[in-house]
Amino acid sequence: MVSEALQAGAVTPAASPSAAVSCAHCGLSTPASAAIVSALSAEPGQRSGLETGEAPAFCCNGCKAAWEIIHGCGLERYYRVRDAGGKPARGTGRRYEEMDDPTFASLYCRPAPGGLLSTELFLEGVHCAACVWLVEKLPAVVPGVVESRLDLRRGLVRVTWDGGTTTLSDAARALDRMGYVPHPGREASAREARRREDRAGIVRLGVAGACAGNVMLLAFALYSGTFDAMEPGYREFFRWLSMGIGVLSLAWPGRVFFKGAIAALRTRTPHLDLPIAVGLLAGAVWGVLNTIRGTGEIYFDSLSVLVFVLLVGRWVQRRQQRWASDSMELLYSLTPSSARVVSREGSTWSEARETPVEALAAGDVVEVRAGDSVPVDGVVLEGESSVDQSLLTGESRPIGVRHGERVAAGSVNLAGRLVVRVEAAGRETRVGRLMELVEDATRRRAPIVRLTDRIAGHFVVVMLALAAATALAWAWINPAEAIDHATALLIVTCPCALGLATPLAVTVAIGRAARAGVLIKGGDALQQLAMPGTMLLDKTGTLTRGAMTMVRWEGDRGLMPMVAAIESRSAHPVARALVAGCGSAGGNADGVEATETTGGGMVGQVGGVEVAIGSCAFVRARAVVEPEWVRDSERSMVADGLTPVLVAGNGRVEAVAGVGDPVRDDAGAMIAALRRAGWRVGILSGDHPSIVRAVAGALGIEPGLTWGGATPEEKVRIVREQKSRGRVVMVGDGVNDAAALASADVGIAVHGGAEASLAAADVYLREPGLGAIVSLTHAARGTMRVIYRNLAASLFYNVGAAALAMAGVITPLIAAILMPASSLTVLGSSLRQRRFGGS
Amino acid sequence: MSVLYLVVPMAVVIAGAALWAFIWAVRGGQFDDLDTPGVRAALDDDDAVRARR
């Protein structure tokens, strides 16, 4: 402790400014006394932040390892090309043996041409151009790796290697040592499917753009020809060419709109594709007829541009949403997917072998180190520890486990090493079964009818009615022009700007939200969050920090340094909370002799005083005298949802500490702000009802909206019940919340949540704290305002165009001008959105 | 002006060829990642630079 503190204090350059050196890898200023020096030295002519011949110094071993591997492979150029100021390398030093397991290979690796193997890995810590260079130099570092291609935006590297000369774990270890911690890229098939979809989208976009451009060129010629008599032969020729290209545009990229319209008709749900398809079809049919007849207007220029602009809007929105879901997938992949398998060797256990979780079967034995999460459901064979099951059950208090007791996958081992016999792995575990519940809830979720689609439903009716009215009126005035004018109306009212109104506004909002640390998977979530409804919050990890803290201390404060000194010998979460809480009181306690007694406490000798710290039963068994106030404060702490810890000195109870999981500082302000905005706020937690009631009371949440002790299934039921009263937003972090997140109208996963909650949620808060939820609702309202403004603008253009068409004064030229004008208005309006969170 | 009957179809054919090239590039994965290739080109290897001189 003391030496650590000395070092920590000395790291600041101010402490010894004269002797500071900068780390050769990351550039962090480090005092020469604390720096780690490499045995290798820089070669002449190489500049890696140090002079020729000088031995490089490092701030930490991670940086030293990274520098040595980069230097040893002749890749010093990295230091010249990277951005100023690197980051300390934080390799994990893991062996990645699980990547060589046949099960891993069959799940994640695929054969590449030439008898090679390839896989995709997510890398942590990729941030600049030099990272691309360094990661792609992997073949120079690990012989046998043939190619390494990094996608900078996604942090995804595709490694191709020769299975005969090297193993994937070698490559993974090298990446780890360079400071890029690799994780297997899950769901490769889903990623492949999305890639194909993206490619098809870009092809459609390109074809639509090319068609639109070429038809416009021909249209220029035709428009000039109207004013300046054009030879009929050329006119015919250009009209036929326009038709050819226009029909290509409608039949290939434009097919998506017809498909969407047919699907909308089949399911009888309004959809924007319906009026678009009607307009496109009417224009195409009449245009083809007019081309063949050789008289009348053709509208292929407007139609091709329409297809192109609508596809641009859709592609932009998709790209933004894809970015958000890619980022969430990266987080999802950060969760460990390997277990440490051991086997019996006489009276002891063999060395642990890292194995993919997918390869585990009942009967295997795994080792779980302190701080790791338990990979399987099983029975403890050896060791004693306490586990945090808060992600699984919502219970904030750690639970002690020992020989013969059960542990569940997804809980975190807090104190000591455990050896566990596997009873269930993968989908058979309780977590796995909960995931099935999540999938079920996702399937049952009814699709939301978007605002534009609802408008489109009315729009198509009005459009057809107006066209019919125009045709009838003109049949009476001048029958020859009736169909011309009706067709013109269908084309100019085709909702081009309407189709852009939502995608553009949503794209801008999602982009701004991402920069503010909020990942939004889809535009529907924004629409749902704009109007107040019921917001249900999980307690542990969401409203609270999810970690034990000493909240209260009653009695003799003079004992605090002693408590801190004794408890610093233990890794138990309550002990850590006491160290953090008492350590700040200052003072010193030397000559500590402490012993941890299993079963709820510690006893220590400090300066001749025997101090006992622990649960009520533990301390009462060792203390004779107990003042009267102790019982009262114990009761009041239990009522407030805290765990009382008694402290006795020389057989007399001197103090009571209250340890609990306190409510986040910003929770009260957030709930008040949500209430002001009209939300009903409730707590839905799996923790003990008395603790939940205490938290609800502290935050002023009404008892009717407080549920404690809820199982995941009950959470889903309560969410469904509340949905009958309006929209429900669920905020949670744990596996136990995942199904509820999926069945709510909008699921929000908070920072540090379990992978299951990430998979189920629509929105993920990348920063700790709850303030972002309030900003999110503000941003959602702001986005909806922009959408309404866009819709109003585009409808205004459509009404004007419809009036012109009914009056019979519209020409293809006017149509060709009106359409981009309305789209540009919508574009400008979308970009004028205020910053994220501004109200 | 009758040259138009020859030139315009030629232009259309050239546009078609460009479109085909674009689709070929997309299907080959050249548009999957729009950020990294720009960076990659900026960081040539020292050896390669020397070899060219």
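Predicted model: local features only at pLDDT ≥ 70, side-chain atom pairs only at ≥ 80, totals over all residues.
Local features require pLDDT of at least 70 and side-chain atom pairs count only at pLDDT 80 or more, while totals for chains, interfaces and linings use all residues. Residues are numbered from 1 along each chain as its sequence is written, chains are lettered from A and ligands numbered from 1 in the order in which they are written, and side-chain values use heavy atoms, with hydrogens and water left out.

**View 1. The open sheet S17-S16-S19 of chain A.** Three strands, in the order S17-S16-S19, form an open sheet with antiparallel pairing, where a strand is a DSSP run of E with at least two residues, numbered from the N terminus, and two strands pair if DSSP finds at least two bridges between them. Strands S17 (399-401) and S19 (412-413) stand at the edges with a single partner strand each, so one side of each is left without a neighbour in the sheet.

**View 2. The contact between S16 and S19 of chain A.** Strand S16 (residues 385-388) runs antiparallel to S19(A), to which 2 bridges join it, and A:Asp388 stands opposite A:Val412 of S19(A).

**View 3. Strand S8 of chain A and its pairing with S6.** Because 5 of the 6 residues of S8 (residues 156-161) are buried, this strand is largely enclosed by the rest of the structure; buried means under 20% relative accessible area, with a 1.4 Å probe and protein chains only. Strand S6 (residues 116-123) pairs with S8(A) in the antiparallel sense over 6 bridges, with A:Leu117 opposite A:Trp161.

**View 4. The hairpin of S7 and S8 in chain A.** Strand S7 (residues 145-151) pairs with S8(A) in the antiparallel sense over 6 bridges, and A:Asp151 stands opposite A:Leu156. The hairpin has 4 residues between its strands, and within this hairpin A:Gly155 takes a positive phi near 70°.

Conventions
Buried < 20%, exposed > 50% of the residue type's maximum accessible area, 1.4 Å probe, protein only.
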